[in-house]
Amino acid sequence: MTPTPAPSHLTPAQFVAKWSRADLPERAASQEHFIDLCRLLGQPTPAEHDATGAEYAFEKGVEVSGPAPSRRQNPGTAVPGSAVSSRGFADVWWKNKFGWEYKRKDKYKTLDDAYRQLLQYREALESPPLLIVSDIARIEIHTNFTGTKKEVHSIALADLAEPRSLDLLRRVFTDPASFRPTLTAAKITEDVAGRLGKVAEGLRSRGHDPHDAAHFLMKCMFCLFAEDTQLLPTGIFKKLLEKFHHRSAELTPRLTTLFATMRTGGDFGTDDIAYFNGGLFDSAPALDLTEGEIGLLILAATQDWGSVEPAVFGTLFERSLDPAKRSQIGAHYTSREDILLVVDPVIMEPLRREWDALRHKVAGQTEKRAGLMKAAREKKSAQAEVTRLTNAIEKQLTIFVDRLASFRVLDPACGSGNFLYVAIQRLLDLEKEVITFAAANGIGLIPRIRPTQLRGIELNPYAAELAQVVIWIGYLQWMRDNGFRPPSDPILAPLTTIENRDAILKTGKNGEPLPHPAEWPDADFIIGNPPFLGSTKFEEAGIPDEYKDAFVEVYRLRGKADLCCAWFEHARWAVDRQRTVRVGLLGNTTIRYGVARDVLDRIVERAVIFNAWANRPWVNDGAAVRTCFVCFTS
């Protein structure tokens, strides 16, 4: 009997009827399902569009690392206690359009694992704008546009014949750019920062200690992030706020109980709460909120906290807390572009040079190993050499990753952590390159860089508290967005390395300035944006004469030097003590002239300025100003 040929075109009703009945294994179903979609939508199949598979293909091969090999992955050489490398396959890929991953119908409650797998493949697939997952019964289209809110468009099989569903699927093939979200991460960030700032203002006006208020709001902020990223049960914090919106006295003990449960892990009503720990969720009770403040938190909770941009959230929130004070001490917002002008030359360029040299060396070894493997079945000597080369490659890559995980980055004027957040993100990106390269060579590695490598000093208690949370949110976002599972048991670790104190002078028991420099923790890299303030404005900013006198004496300054000079001098001392330290700081342009220039002259005597911008345009609170960037080492 001759089999019935597949129709060249399917109607929506035929497609839904066929796949509603289907109960095939994942691999058997995936390609036929996709081909049927192409027929339904009038789009070419991979073979029809590209017979070579160069830009549109089934089973697109990629190299990945992960905790264990998954379906259609061949395990490589395992690193004990960490990960295995494997060669994976994206079910469908069309260059600059989408990556598509299937799972078996009705096997999984969610498609989270399939999406996480695509995230691990993303760079190897050249970061397509859409990441699509399906288990036949449903299709989820995840947007993958930089700097925008992540959006998910879901299509149930039963609804596939509807015009909206067909339009979404056609645009996947014909106009993927049309999925770019109009709501940017920056807009979301500005909105939530403003609302939380108003809550902070209310707490401060009622006399709450600034540190206590900051600590409480950081807990609230992290809960909003955690429930939107499935670290907490979805909506748990928002539901509490909504239920007790008009019964504020009853909300306080329940928030205290939730925070306590997050500290240890356990049950909160009918929900299971993960073990967060981390110093953030300590034993301090929740603070009382007014109905209006609860309403502000409810409005903040409606935003997508998974899309908040940590690099700008901290500063926006800081300004809303106490803008007058921030202006007085000269602390300014630094854009990501400006931060990278310091982070890249100081931290990343030497590490990338080292990585490029190592990658070139290892590539030669892998090429030699590939040639030997052909003869390995017949010659024992060749087998032994293959093993030796494999072990050598693994050792070199592991040592490099270990070094990345050991570097300490200090920002001695860290504000809300922007410089530190950008620095750890760049280090994680490099580490992922190493992990991907290792996977291609049969070696399994997992991210080892952690926020605990970062050090910070900040005088403002709000900002110091905020820096810890901003760094952790940024780190957890990176793990999620790159397909890695977050740490667990606990999820957080205490960031005791972010210190709330003066970075310039030691202080006495009563807070009086002493004529001794403050201590800085040891670090491999020192970066940051110290506050700018001419000494003639110290009195206007509320800085007493005894502080000014001690500042001038300790840092050997002549009278009218800018406050930021102290950070440059202290960083020079760090380079004197440990010659491998690399420094990148922003300064007021006046540091190049007159008495303030003394610190630059001393740097040149004892170190080398390897990168500098003498007069860079900068915008602060809408006012055009100028600044300089100085990077130096021994």
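This is a predicted model: local features need pLDDT of at least 70, side-chain atom pairs count only at pLDDT 80 or more; totals for chains, interfaces and linings use all residues.

You'll find R122 in the loop between α4 (112-121) and β5. The R122 side chain has a partner as well: a polar contact of 3.3 Å joins it to the side chain of N482.

Now hop over to Q303, in the loop that runs between α10 (291-301) and α11 (310-321). Is Q303 buried or exposed? Q303 has a relative accessible area of 18%, and since the limit for buried is under 20%, Q303 is buried. The side chain of Q303 makes a polar contact with that of D191, at 3.3 Å.

How many salt bridges does the structure hold? The count is 35, and here are a few of them.

Start with K18 and E32, whose closest N and O atoms are 2.7 Å apart in their salt bridge. K18 sits in helix α1 (residues 12-21) and E32 in helix α2 (residues 26-41), so this pair ties together parts that are 14 residues apart in sequence. Both ends are partly exposed: K18 has a relative accessible area of 27%, while the value for E32 is 37%.

The next pair, K238 and E242, also forms a salt bridge, with 3.9 Å between the closest N and O atoms. Here the two partners belong to one helix, α8 (residues 236-243), and because they are 4 residues apart, about one helical turn separates them. K238 is partly exposed at 25% relative accessibility, and so is E242 at 42%.

Then there's R480 with D481, whose side chains meet in a salt bridge of 2.9 Å, N to O. D481 has a relative accessible area of 22%, which makes it partly exposed, and R480 falls in that class too, at 28%.

## A network, and a patch of charge

Some salt bridges join up. R556, E569, R572, D576, R579, R602 and R606 are all linked in a network of them. One member, R556, is placed in the loop between α17 and α18 (565-577).

Most residues other than glycine have a negative phi, and most peptide bonds are trans. A few places here go the other way.

I136 is another non-glycine residue with a positive phi, about 75°. Its place is in the loop between β5 (130-134) and β6 (138-143), and I136 is buried, with a relative accessible area of 5%.

For the peptide bond, where is the cis one to look at? It joins D489 and P490, with omega at about 5°. P490 sits in the loop between α16 (461-481) and β12 (498-500).

Finally, two alanines to click on. A161 is in the loop between β7 (152-156) and α5 (163-174), and with a relative accessible area of 41% it is partly exposed. A161 and A13 are 148 residues apart in sequence, yet their C-alpha atoms are 6.6 Å apart in space.

A384 belongs to helix α14 (residues 380-404) and counts as partly exposed, at 47% relative accessibility. Along the chain, A384 and L372 are 12 residues apart, and 9.8 Å separates their C-alpha atoms.

Conventions: Residues are numbered from 1 along each chain as its sequence is written. Side-chain values use heavy atoms; hydrogens and water are left out. Buried means under 20% relative accessible area, exposed over 50%, partly exposed in between (1.4 Å probe, protein chains only). A polar contact is a pair of N or O atoms within 3.5 Å; within protein, one must be able to donate a hydrogen and the other to accept it, and residues adjacent in sequence count only if both atoms are side-chain atoms. A salt bridge is a side-chain nitrogen of Lys or Arg within 4 Å of a carboxyl oxygen of Asp or Glu.
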